[in-house]
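Here are a few notes to read alongside the model.

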Amino acid sequence: MSTPFCRKHLSIEGLLKEAHQVFRRIPDAPGNDIALVDHLMSGLAIFGLKYPSLLQFDQDCREETTRANLKALYGIEQAPSDTRLRERLDELDPSQVRPLYQALFAQLQRGKGLEGFAYLDGHYLLSVDGTGYFSSKQVHCPYCAEKHHRDGTITYYHQMLGAVLVHPDCREVFPLAPEPILKPDGSNKNDCERNAAKRLLSDVRREHPHLKLIVVEDGLASNGPHIRHLQALDLRFILGAKPSDHTFLFEWVAATEQTREVSFSNEDGYRHRFRYLNHAPLNDTHFDLEVNFFEYWEYAPDGGVQHFSWVTDLLIDDTNLMTLMRGARARWKIENETFNTLKNQGYHFEHNFGHGHQHLSTVLMHLMMLAFLIDQIQQRCCRLFQAAVTAAKSKTRFWRKLRNRFDLCLIPNWEVLYQSIIDPPQIALGYNTS
Ligand SMILES: [Zn+2]
């Protein structure tokens, strides 16, 4: 896009062009009249335009104007029917779409979209957490995790472990490839979040060997094996550590003379109280595993008190307590700015777009996450996108306006489409009725 408002690679045209190139490299099965890349770009269009169902996309694609616009804006030569789309994506190994996360991230770095996003000494905060996105008592596939109830019924479900770059002062979050938490092929046992974390973090390190990261996770992660894995991957960390899970550590901190307490008040009436100790043993089982411990009480002017505690490998002193605490609490952005946005702001994350017999559910989850990543990059880097969302007054209205224009008129490019939301053209309908 040749607009002065966007860096070329970080405009939607640049990002979708990258998606098209990555998808085109995935080996296609011979004998298909509609290319695999058209199926995958259709998936991106469905989630990019926030279609509520594959069927509605299918119906809209029967209009010539919509088809022409999908070709101009998404590079889709021929959109598949919803049945074809489901069948083809069901066969696709979900790991094939992974390279697009990396490619988009590289664009973001190259285009300087991450400037100001590093949090501490050039490190980015990587928030990691799990969530469910599918659950049913009837619909299932061989990869569904299963919960067997006492009454003999089974709940089938899919979960994923997300990993997103966050910053306490920024609204945007940038997802890296999430890791499905499923039932491994041929296994009777469900996968678990801890194993998924192992795979996810190893993949992150392999795909981003030099990226400086501080992993922020909840209390489930502050265990010996996981911390040793983080250390082996050269990842810094700040992990929740609840008193109920860490009796030994809390007693150690209470009994040690070097434990420091610091407290100060803000102009807004909040009081911050910290207690911390460096070089403490994680627990008696992992006595040789040293962590730095800090605990925090926030006293609000209305009398409310919040209490948190963490372990980290970053050395703590009186001057960095607030920074560490804010970094640790930015972990919530994976819940608030990622999962909740996907569930409630037009992406229909928990809606079942189709489950398939093999991989459909997982492939669609990835395409939705990738569409979300493209939106987040635009939100941070593209002033034209920002102006269009502002003009539309809300994201929901913005998505609706985008979609509505697709069957109304021929759209030459994204810049014109966004401009038409910022400065809507007056269209007078006139028909000769005589
Ligand atoms: Zn399933």
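1. The radius of gyration here is taken over C-alpha atoms, and the globule rule is 2.2 Å times the number of residues to the power 0.38. For 434 residues a compact globule would have a radius of gyration near 22 Å, and the protein's 24 Å agrees with that. The C-alpha trace spans about 95 × 55 × 40 Å along its principal axes.

2. A word on the source: this is a predicted model, where local features need pLDDT of at least 70, side-chain atom pairs count only at pLDDT 80 or more, and totals for chains, interfaces and linings use all residues. Residues are numbered from 1 along each chain as its sequence is written.

3. The protein has 15 helices and 10 strands (DSSP runs numbered from the N terminus: helices are H or I with at least four residues, strands E with at least two). Of its 434 residues, 40% count as buried, meaning that 20 or more other C-beta atoms, placed from the backbone, lie within 10 Å of the residue's own.

4. Do have a look at strand 7 (residues 260-265), where the count of buried residues among 6 is 0. Strand 7 pairs with strand 8 (residues 271-281) in the antiparallel sense over 6 bridges; pairing requires at least two DSSP bridges. V262 has F274 in strand 8 as its bridge partner. The hairpin has 5 residues between the strands, and G269 takes a positive phi near 90° there.

How values were computed:
A residue is buried if 20 or more other C-beta atoms lie within 10 Å of its own, exposed if 12 or fewer, and partly exposed in between; C-beta atoms are placed from the backbone.
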